[in-house]
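Hi,

Here is the structure I promised to hand over. Have a look, and my notes follow below.

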Amino acid sequence: MNNAIIIQSLSKSYGDVEALKNISIDIKTGEIFGFIGSDGAGKTTLFRILTSLMIPDHGTAEVIGFDVVKDYKELRKNLGYMPGQFSLYQDLTVKENLNFFAGIFKTSIAENYHLIEDIYKQIEPFKNRRAGKLSGGMKQKLALSCALIHKPKVLFLDEPTTGVDVVSRAEFWEILKSLKQQGITIVVSTPYMDEAALCDRVALIQKGAILTIDTPENIVSNFHEPIYAVKAENRHKLFEDISKFEATKSAYWFGENMHWIPKENFDEKSLENYFNMLNYNNIYIQKISASIEDVFMELMIK
Amino acid sequence: METAVRVVNLVKKFGNFVANDNLNFEVSKGEVFGFLGANGAGKTTAIKILCGLSKPTSGTVQVAGFDAYHQSEKIKQNIGYMSQKFSLYDDLTIKENIRFYGGIYGLSSKFIKQKTDEYITQLQLEQYQKRFVKDLPLGIKQKLAFSVANIHNPSIIFLDEPTSGVDPITRRQFWDLIYAEAHKGKTIFVSTHYMDEAEYCDRITIMVDGKIAALGTPNNLKRDYKANNISEIFLLLARGIKSENH
């Protein structure tokens, strides 16, 4: 089976709010596929449909050969789902939660321990602690262990790293990589643009529609507009002046630099001249390659 | 320069656990001060103390000129607070939320009405006026929450992960709002997990295991640690020493 997931013309509305607008995507077996988009993009609605928890208004979706509506019973035995909100039993201990999830899938912790070993051993010292009393990072690891305990073929992770610090995020992605080695197809959503680079392919999603689907490398290399990093001593003044400049198509802060995209027929020379005219000293202008976040923002404005 | 927040040898213990281990820092009036750290490093504990919601175990804490031990009510009146997790009531409309917060701070109906109109125009909320807050896009909700946290004209605003999950353009617009207030002389105390946002602060501190591991301007820290960006420094400081024991 080449495609683990086939999504065709999927739509879903809540009243007059269109959460998903005619979405079609194929996700390959064994890949890490990322849905990159912010709150309200439709990621959670899509995940709920793909995990058979919600019925679409239009269109069809097949996950590992099962139709998400007709074959939901078989499908559920074969997928793991980690929702965005912590959904384990807060008043059960770490071990009790894991036992419970193993139990409803008619398996045991021992049977699939190899799958969760790397993750679970980090929380095992706290196995008798109630889930509600765990720190954010530990809750996340327990939720992932519970989603994996029945050896799913495909794993859905809805914003597993939102509100999580940089260090724990890096650790979490290491775990995902090792799960991929075991042949599990991983579908993950995130609002963090830097995590896109860690996926095999990504879909940039905004207001229920797909902006683009490709490998992170291609998304960046297919972006043909020139882009410059600009730095000056007075950040506030730089922002004001560059926003006013007639040649500016867009200008956004990226950490200490401003990323500047000129309108057609303008380049760094135009910007240099402009700054000279305004008597700027120590201006730094450097042509750079776009990041996923640059591309995403340009696609959002379109 | 006028001092907005003064923290000397702050210690906070829960039983045997030391959540804040001898913190020292000052924040000047009009400064944008970034408060970074891994989950569980002790940021929330410190913010609660600075907001007058929790008392220090020992040390000196002064916020807006008031003492955290004896004048916590005064502190609350003079600060604004918003967080990613809770900022506005989901089942109240925009106007009801503004009226509620205005009322809590004892503002007159006339003033609240004037502020309501001002926020709705400023944030272009006309089309959302009658909606419940739970139906607002997160970005708009967070911009509104920031305005509401500012309704009683506090001298310091505490922002706890205000941009988590917000789209990249709105995230930057949110920082425009922060800058605008800082230019008016407001002190901004902000925590974030976006390392690019750390660069937007005048100074930042990075907390690791209850202690302040680094404190300075983003440029000076990058120079001292020979790092290209704040993310590198954060990973360097927080990795390895990070514990999950609490």
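**Second largest pocket**

The second largest pocket has a volume of about 1,000 Å³. Of its 39 lining residues, Asp194(A), Met195(B), Asp196(B), Asn229(B) and Ser231(B) are the closest to the centre. (On a 1 Å grid over the protein atoms alone, a pocket is an open set of points where a 1.4 Å probe fits, with protein on both sides within 12 Å along at least five of seven lines; lining residues have an atom within 4 Å of a point. Points are joined across faces, edges and corners, and the volume is the space filled by probe spheres set on them.)

This is a predicted model: local features need pLDDT of at least 70, side-chain atom pairs count only at pLDDT 80 or more, and totals for chains, interfaces and linings use all residues. Residues are numbered from 1 along each chain as its sequence is written, chains are lettered from A in the order in which they are written, and side-chain values use heavy atoms, without hydrogens and water.

H6(A) gives the most to the lining, with 6 residues (helices are DSSP runs of H or I, at least four residues, numbered from the N terminus). By type, the lining has 18 nonpolar, 8 polar and 13 charged residues (Ala, Val, Leu, Ile, Met, Phe, Trp, Tyr, Cys and Pro are nonpolar, Asp, Glu, Lys and Arg charged, the others, Gly among them, polar).

**Cysteines**

There are 0 disulfides over all chains (cysteine sulfur pairs within 2.5 Å). Cys201(B) has its closest cysteine sulfur in Cys51(B), 16 Å away, so that is too far for a bond. Cys201(B) is also buried, at 6% relative accessibility (under 20% relative accessible area, 1.4 Å probe, protein chains only), and Cys146(A) is buried at 3%.

Cheers

Methods. Helix = DSSP H or I, 4+ residues; strand = E, 2+ residues; numbered from the N terminus. Buried < 20%, exposed > 50% of the residue type's maximum accessible area, 1.4 Å probe, protein only.
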